[in-house]
Amino acid sequence: MTTPAPITDPRAPAPTSDPAAVAALSIDGVSHAYGARRALMDVSFNVAPASFTALLGLNGAGKSTLFSLITRLFGIQSGRVGIFGHDISRTPGEALRLLGVVFQQRTLDLDLSLTQNLLYHAALHGIGRREAAARAAELLGRIGLADRAGNKVRDLSGGQMRRLEIARALLHRPRLLLLDEPTVGLDVKARADIISHVRQLVTEQGIGVLWATHLFDEITASDDLVVLHQGKVLAQGPVARVLGEAGAPDVNSAFMRLTGAQTMPGGGA
Ligand SMILES: Nc1ncnc2c1ncn2[C@@H]1O[C@H](COP(=O)(O)OP(=O)(O)OP(=O)(O)O)[C@@H](O)[C@H]1O
């Protein structure tokens, strides 16, 4: 992959005297219920710009529900979600323009080429065809798939499809990227490639990342961590602080102590 150029998007939020003061994502007192089933209870946390925040939780913790609220698939029942200070309920256009998403389920059209998938998505964002073609070519180069541009997506491996989905999520140059368990079903090498690619987006382009996972080994000491369990945030902050507060030597043990779990969500599978 080539070194990406920094993004200079005129639609990025106006700089403030302290840009770090504006969270890439702010979740403030968000609750959600499916009928009588309460999926999220008073969830609050922030994702800083240029940070990698891991949202760690077992199946059913509420991660996908939270993503559905942030992306406005579901209406917000209570609480507030902001993206770079834009309330997603009150100014959704401004907020969503700054957001890129990779959903848990693949959403590529398998019978279209890689380029066609990207151009289709760019058109949905109102990006002109010439500009879209240039961005698509650049992004395919970055994910090492330039030589496959005209191939059908059906012929890609699972890891290559994921990389293409990440490229697609970046086409409109978002400043915040959400990924919902993006390495599920991938082999060890493909997982490592995806994680290192996304970490590069943080360090080289300043993108704020929220990475939902149930796998401890995807989390590193320099990350921010949110532990979500049965719809509640049990701990949050830099990994070192969470470990200190839990009195645990590693994320695995901290998770066990915080949740009282007897079995672990997985560390390497
Ligand atoms: N459409 C729905 N109708 C009713 N209950 C739902 C619905 N979607 C999710 N739930 C419930 O809400 C809770 C949170 O589920 P959610 O899918 O958000 O968790 P998750 O952490 O993303 O887990 P997974 O990784 O398995 O998707 C679970 O108890 C789940 O059964």
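Which residues make up domain 1 and domain 2 of the chain? Domain 1 covers 31-98 + 175-269, and domain 2 covers 108-173; these bounds come from an automatic or database domain assignment.

## Before you start

This is a predicted model, in which local features need pLDDT of at least 70 and side-chain atom pairs count only at pLDDT 80 or more, while totals for chains, interfaces and linings use all residues. Residues are numbered from 1 along each chain as its sequence is written.

## Where the two domains meet

The C-alpha centres of domain 1 and domain 2 are 25 Å apart. Across the boundary, 10 residues of domain 1 are in contact with 9 residues of domain 2. Here, contact is when the C-beta atoms of two residues, placed from the backbone, lie within 7 Å.

On the side of domain 1 that touches domain 2, helix 6 (residues 188-205) gives the most, with 5 residues. Helices (H or I, at least four residues) and strands (E, at least two) are DSSP runs, numbered from the N terminus. That side of domain 1 divides into 6 nonpolar, 2 polar and 2 charged residues. Ala, Val, Leu, Ile, Met, Phe, Trp, Tyr, Cys and Pro count as nonpolar, Asp, Glu, Lys and Arg as charged, and the others, Gly among them, as polar.

## A look at helix 4

Buried residues of helix 4 (residues 129-142) are Ala-132, Ala-136, Leu-139, Leu-140 and Arg-142. A residue is buried if 20 or more other C-beta atoms lie within 10 Å of its own, exposed if 12 or fewer, and partly exposed in between, with C-beta atoms placed from the backbone. Seen down the helix axis, the buried residues fall within an arc of 150°, so they line one face of helix 4; the arc is that of the directions from the helix axis to the C-beta atoms.

Helix 3 (114-124) and helix 5 (158-170) are included in what covers these buried residues. On the other side of helix 4, Arg-130, Glu-131 and Ala-134 are exposed. After helix 4 comes Gly-144, with a positive phi near 70°.

## Around the ligand

The residues around the ligand include Tyr-34, Arg-37, Asn-59, Lys-63, Ser-64 and Glu-181. The shell divides into 3 nonpolar, 6 polar and 3 charged residues.

Conventions:
Expected span 1.5 Å × (residues − 1). Near = placed C-beta within 6 Å.
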